[in-house]
Structures are given as structure tokens and as C-alpha cells.
Amino acid sequence: MGNFLECMGSFFCRQKNTNIRITLPFVCFLWQIAMIVLFGIFIRYDEESDVRQWLELKERNNITSDIENDFYFRYPSFQDVHVMIFVGFGFLMTFLKRYSFGGVGFNFLIAAFGVQWALLMQGWFHALDPVTAKISIGVESLINADFCVASSLIAYGALLGKVSPVQMMIVTLFGVTLFAVEEYIILNLLHCRDAGGSMTIHTFGGYYGLAISWVLYRPNLHQSKRLNGSAYHSDVFAMIGTLFLWMYWPSFNSAITDHGSGQHRTAINTYIALTSSVLTTVAISSMSDKRGKLDMVHIQNATLAGGVAMGTSAEFMITPYGSLIVGFCVGIISTVGYLFVTPFLEKYLKLQDTCGIHNLHAVPGMLGGFIGAIVAAFASEEVYSRQGLIETFDFEGEFADRTPGTQGGFQAAGTCVAIAFGLVGGAAVGLILRLPIWGDPADDNCYDDEAYWEVPEDEDSIPPVLEYNNHMIHKHQDISESNFSVEQS
């Protein structure tokens with residue numbers, strides 16, 4: 001028994017090796033070939049993208065113009081969501097001064113794989129024809145696939161700089177799978193409304209990433225502390241990601257809502273909440289500094305919290321001032337989280353959250369789910385009309401007798417399901433990632449692109465001028481030490 005434990009200990013504690021020349025190509029080729037085979041077996045065009053079926057549909061429904069095709073209604077929203085996934089999330093993760101390649105490059109990799117796997121997983125749960133055993137996809141399927149991938153990209157934020165690309169492919173494989181299951185439970189079985197994904201995307205993705213990070217805790221991560229921060233140029237690039245996300249978030253929340261007043265109202269409510277969270281974020285950031293200066297990490301992240309929190313309730317009749325109140329509150333909560341909660345979690349709960357997804361996604365998403373439950377519970381015919389309640393909450397079929405109060409209870413239950421799937425699923429995936437075969441970096445080699453990328457030499461070596469206070473306790477002391485070392489040289 002002693003020999004077995006000794007062998008296991010030596011296996012899990014052996015020296016890290018970031019050479020992924022075999023594992024990364026193997027995983028990419030194997031999984032892409034698997035996607036080709038599975039697409040060939042299951043995936044087909046839907047009736048609005050297949051030429052024969054579209055012509056038959058036009059004739060059957062007396063459609064006289066191709067402009068009635070759903071593509072022309074949904075594609076602008078798809079384009080906006082697509083930009084958020086690949087540009088917004090990608091550039092937001094470039095804040096680390098020596099990990100910009102990894103931030104935007106690995107975001108690109110896992111999103112490209114995740115979209116393919118999401119089309120299959122969501123298709124099996126939502127669009128599988130029981131007669132032909134085929135999955136029909138159209139432009140709305142692509143939007144939902146982007147939504148699905150967003151949860152894995154959120155999880156990546158907690159792991160940024162500490163895992164290998166092979167590990168992130170594993171995270172995405174299981175993340176998309178778990179997302180499809182919890183989404184089916186929340187939207188189909190519980191019949192919740194969650195157009196912008198406060199529950200299914202942000203709450204699940206946030207707690208999924210946090211649970212993985214907790215299992216993968218690195219006690220000696222302080223050895224890479226010198227790289228766990230930003231430089232002037234990296235913060236500018238990250239702010240580009242923030243602005244893309246901020247501008248397109250109304251499209252994200254409204255992309256798959258019902259045409260008409262629902263989609264219109266969702267965009268309005270989301271935009272208003274986002275504007276409110278900007279002002280409160282700036283206010284709290286300035287108040288937290290003795291000289292009233294702003295911290296870029298707050299502006300890059302907490303300003304987006306309003307969009308996250310409105311994901312569920314934006315399509316409800318929450319009123320414009322209600323949206324302002326939501327944005328006002330979550331802007332404060334998110335900024336305070338970066339100031340105090342993230343350092344607390346790292347110090348006492350051993351939770352290392354690189355991007356602070358707990359403050360931007362997990363908590364605002366959870367609050368958004370419960371806010372949606374409250375707004376749904378207080379919905380009335382006086383405000384919505386009877387037909388409005390039916391259209392907004394889809395009170396049809398087996399759910400025709402559901403009341404707004406009951407709907408509110410199910411909305412709250414859906415939020416709890418998302419949290420449970422994130423925590424339990426993340427812990428399980430974290431155990432898989434602890435196997436020493438994935439090429440993850442050593443504790444003194446984290447947050448550095450040179451572990452996995454060919455990095456050109458810098459023309460000028462610029463010492464770091466900013467370090468994130470959410471995981472850098474002695475911020476000003478480190479800066480002074482950096483300046484002293486430059487003077488000595």
C-alpha cells in the first residue's frame with residue numbers, strides 16, 4: 001500500500017513539461033475529425049437554409065419574398081454576438097502584460113472548437129428529429145452555439161495563464177456538454193425564460209470556472225507574481241474588448257427573443273442597465289483610492305455587470321427605471337467584489353481567479369436570475385395583458401395553466417440548477433485536469449506566452465506600471481521595488 005501511494009504521489013507531483021508538440025496536434029486533429037464524422041451523420045440544413053425546403057415553404061405559406069427568410073431577421077444579431085465571442089472576450093483577456101497571445105489566441109481556438117461541439121450537443125437536446133435522427137440547423141442555431149461557447153470562455157477567465165491549451169480544450173468539451181444538459185433542464189423541463197443567459201451562461205460559466213480553479217489551486221503561484229499584472233499597452237488592448245462587449249451586449253441579450261416588442265424591449269433594458277453600471281463603477285473605483293484615481297481593472301470589467309444581470313429580466317416589463325436600478329446596484333457589487341471579495345477568496349478559500357469572473361459573471365449572473373424570478377412573479381395582466389403574459393412567458397401547451405407566481409418560483413429554481421451544475425461539474429473536470437499529462441506550466445512559469453508561443457523580442461523592455469489589486473495585495477510596494485531595480489541597472 002505504501003509503495004502504491006508513493007508511486008501515485010510521484011506521478012501527480014512530477015516536474016511540469018509545457019512541450020505540447022504531440023498532445024495539442026493529436027487533440028486538435030482527433031476532435032476535428034470526430035466533428036466531421038458526427039456532422040456527416042447528424043447535421044443537416046433547416047427548412048430556411050435548404051434550397052428545396054425553402055421553396056416548398058414559400059409555396060406552402062404563400063411567401064412572396066426571400067426577405068421573409070429568418071436569416072435576414074437574425075443575422076445582424078448573430079454578427080454582433082459573434083464579434084463579442086471572438087473579439088470582445090478575446091481582447092478582454094489580453095490585460096496580462098506577458099499573456100496577450102494566450103488570451104486572444106486560445107480564446108480563438110476553444111471558441112472555434114466549442115461552436116462545432118455546441119451545434120451537436122444542443123441539436124441532440126433541442127432539434128433532433130425523432131423520425132430521421134437528424135439535426136436541422138439555421139442561423140438561430142449558430143447564435144445558440146455562440147451562447148453555449150460563451151460559458152466556457154467565461155470559465156477560461158478564471159484559469160487564464162495557469163493552464164495549457166490542451167486543458168482548455170478539455171474544459172470546453174465538458175463545459176459545452178454540461179451547458180447543453182443544464183440548459184435543457186432550465187429552459188425545457190423547468191420552462192424558465194432566460195434569453196440573455198444570466199442563469200444558463202453567466203451563472204453556470206462563472207461557477208464552472210471557479211470550481212475548476214479551486215481544484216487546480218497552486219500554492220506556489222506567487223513565484224509568477226511578477227507577471228500577474230498589466231502594462232499600459234495591455235490594458236489598452238483589454239479596454240478594446242470591453243468596449244466591443246459593452247456596445248454589443250444589447251444584441252447578445254435580445255438575439256433570440258421573440259420578434260416584435262420582446263426583442264425591442266430587451267435591447268432597451270440592457271442598454272439602459274449598462275449605462276448605469278458605468279457610472280457606479282467609476283464612482284466606487286474613485287472612492288476606493290485615497291487620491292481618487294481610477295483602477296483600469298474596474299473599468300474593464302464591472303462596467304459590463306449591468307448587461308450580465310439583465311440577461312434574464314431584460315425581456316420582461318421591468319420598466320426603464322428598473323433597469324437603471326439593476327445596473328446601479330450590480331455596478332457597485334461588481335466593483336466591491338474586485339476590491340475586497342477576490343483577495344478574500346484567494347487568501348482564505350484558496351481560489352485563484354485571474355480575471356475576477358466571480359465579480360463579473362458568477363455573482364451578477366446569479367443576481368440576474370433571482371431578479372428575473374422576482375419580476376416574473378409580480379407580472380400581471382394589467383401590465384402585460386393576458387396575451388402578453390402568454391407570449392412573454394410562453395404559457396402554452398402543458399404550461400398553459402402556470403401563473404406568474406409559479407413562474408417566478410421556477411425561475412429561482414433554474415438559477416439554483418445553474419449554480420449546482422457549475423460547481424459540481426467544475427469540480428469533476430478540475431480533477432481530470434489535475435492529471436500531469438496535459439502540459440500545464442509550472443508555478444514559476446505561469447502568465448507567460450513563451451511557454452506555448454513563439455514570442456518576438458521586445459524593442460524596449462518596459463517595467464510593469466500597473467498590477468491588479470484584486471490579486472496583488474502589495475501593489476504600490478511592488479511598483480516601488482520595480483522602479484528601484486531599474487535605477488540600479
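Reader: Why are F344 and Y348 said to be separated by about one helical turn?

Author: In this predicted model, F344 and Y348 lie four residues apart in helix α13, and that spacing puts about one helical turn between them.

Reader: What makes the ring pair of F344 and Y348 tilted?

Author: The planes of F344 and Y348 meet at 40 degrees, with the ring centres 5.0 Å apart. Centres within 6.5 Å make a pair, and planes under 30 degrees apart would be stacked, over 60 edge-to-face.

Reader: Why is F344 called partly exposed, and why is Y348 called exposed?

Author: F344 has a relative accessible area of 44%, and Y348 has 52%. Exposed means over 50% and buried under 20%. The value for Y348 is over 50%, so Y348 is exposed; the value for F344 lies in between, so F344 is partly exposed.

Reader: How do you know that W246 and Y271 form an edge-to-face pair?

Author: The structure holds 22 aromatic pairs. In the pair of W246 and Y271, the ring centres are 5.8 Å apart, within the 6.5 Å limit, and the planes stand at 70 degrees, over 60, so the pair is edge-to-face. The pair links distant parts of the chain, with W246 in helix α9 and Y271 in helix α10, 25 residues apart.

Reader: What makes W246 buried, and what makes Y271 partly exposed?

Author: The relative accessibility of W246 is 18%, under the 20% cut-off, so W246 counts as buried. Y271 has 45%, between 20% and 50%, and is therefore partly exposed.

Reader: Why is S334 called buried?

Author: S334 has a relative accessible area of 0%, which is under 20%, so the residue is buried. S334 lies in helix α13, residues 320–348. Leaving aside neighbours within four places in sequence, S334 is in contact with A302, A305, N359 and L360.

Reader: What is the relative accessible area of G311, and why is G311 called buried?

Author: For G311 the value is 2%, under 20%, so G311 is buried too. G311 is found in the loop between α12 and α13. Its contacts beyond four places in sequence include D194, G197 and N253. The C-alpha atoms of G311 and D194 are 6.5 Å apart, although 117 residues separate the two in sequence.

Reader: How do you know that the charged end of R402 sits over the ring of F410?

Author: The charged end of R402 is 3.9 Å from the ring centre of F410, and the distance limit is 6 Å.

Note on methods:
Residues numbered from 1 in each chain as written. Predicted model: local features only at pLDDT ≥ 70, side-chain atom pairs only at ≥ 80, totals over all residues. Heavy atoms only, no water. Helix = DSSP H or I, 4+ residues; strand = E, 2+ residues; numbered from the N terminus. Buried < 20%, exposed > 50% of the residue type's maximum accessible area, 1.4 Å probe, protein only. Contact = heavy atoms within 4.5 Å. Phe/Tyr/Trp six-rings, centres within 6.5 Å; stacked < 30°, edge-to-face > 60°. Lys NZ or Arg CZ within 6 Å of the ring centre and 35° of its normal.
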